[in-house]
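Subject: Structure handover

Hello,

Here is the structure for you to look through. My notes on it follow below.

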Amino acid sequence: MNTVPRTLSRSLNDRMIAGVMGGIAHRFGWNPTLVRVLYVVISLASAAFPGILIYLLLWLLIPNEAD
């Protein structure tokens, strides 16, 4: 099978704030809502996982789909 590898980029169509979780979900073929819910649950359940800081870093590091 010749499949085009999906690159990691922020989603322009499936975004709530910056498209980070939508882009990650698109890259791996997952449901974006499930990715968002799991990210929030993990962020709230673990004091060692600074969810907001990680999200901001991903926002800065992952390019937009259009770029």
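Start with Phe28. Phe28 is partly exposed, with a relative accessible area of 46%. On this scale, buried means under 20% relative accessible area, exposed means over 50%, and partly exposed is in between (1.4 Å probe, protein chains only). Phe28 sits in helix α1. Its C-alpha atom is separated by 8.0 Å from that of Arg6, 22 residues apart along the chain.

How to read the values: this is a predicted model, where local features need pLDDT of at least 70, side-chain atom pairs count only at pLDDT 80 or more, and totals for chains, interfaces and linings use all residues. Residues are numbered from 1 along each chain as its sequence is written, and side-chain values use heavy atoms, with hydrogens and water left out.

**Overall layout**

The protein chain has three helices and zero strands. From the N terminus on, the order is α-α-α. Helices (H or I, at least four residues) and strands (E, at least two) are DSSP runs, numbered from the N terminus. The C-alpha atoms fill a box of roughly 40 × 25 × 20 Å, taken along the principal axes.

Of the 67 residues of the chain, 28% count as buried. The accessible surface comes to about 5100 Å². Carbon and sulfur atoms own 68% of that surface. Areas come from the Shrake-Rupley method with a 1.4 Å probe; for residues, only the protein chains shown count as cover.

Contact means heavy atoms within 4.5 Å. Take the contacts between residues at least 6 apart in sequence: 45% of them join residues at least 24 apart.

**Helix α1 and what follows**

In α1, the buried residues include Val20, Met21, Gly22, Gly23, Ile24 and Ala25. Their cover includes α2 and α3.

Ala25, in helix α1, has 0% relative accessibility and so counts as buried. Beyond four places in sequence, Ala25 touches Trp30, Asn31, Pro32 and Val35. Ala25 and Arg36 are eleven residues apart in sequence, and their C-alpha atoms are 8.9 Å apart in space.

Just after α1, Gly29 takes a positive phi of about 75 degrees. Trp30 is in the loop between α1 and α2. Leaving aside neighbours within four places in sequence, Trp30 is in contact with Ala25 and Val35.

**The salt bridge**

How many salt bridges does the structure hold? One. The term means a side-chain nitrogen of Lys or Arg within 4 Å of a carboxyl oxygen of Asp or Glu. The side chains of Arg36 and Asp14 meet in it, at 3.4 Å, N to O. The pair links distant parts of the chain, 22 residues apart: Arg36 is in helix α2, and Asp14 is in the segment before α1.

Are the two partners buried or exposed? Arg36 is buried, at 17% relative accessible area. Asp14 counts as partly exposed, at 29%.

**The two end segments**

Ser9 is in the segment before α1. With a relative accessible area of 12%, Ser9 is buried. Not counting residues up to four places away in sequence, Ser9 touches Gly23, Ile62, Pro63, Asn64 and Glu65.

Asn64 lies in the segment after α3. Apart from neighbours within four places in sequence, Asn64 is in contact with Ser9, Arg10, Leu12 and Arg15.

**The largest pocket**

About 280 Å³ of space lies in the largest pocket. The lining is made up of 17 residues. Nearest the centre lie Ile17, Met21, Tyr39, Val40 and Tyr55. The elements that give two or more residues to the lining are α1 (20-28), α2 (32-45) and α3 (51-61).

The lining divides into ten nonpolar, four polar and three charged residues. Ala, Val, Leu, Ile, Met, Phe, Trp, Tyr, Cys and Pro count as nonpolar, Asp, Glu, Lys and Arg as charged, and the others, Gly among them, as polar.

A pocket here is an open set of points on a 1 Å grid over the protein atoms alone, where a 1.4 Å probe fits, with protein on both sides within 12 Å along at least five of seven lines; lining residues have an atom within 4 Å of a point. Grid points are joined across faces, edges and corners, and the volume is the space filled by probe spheres set on the points.

Best regards
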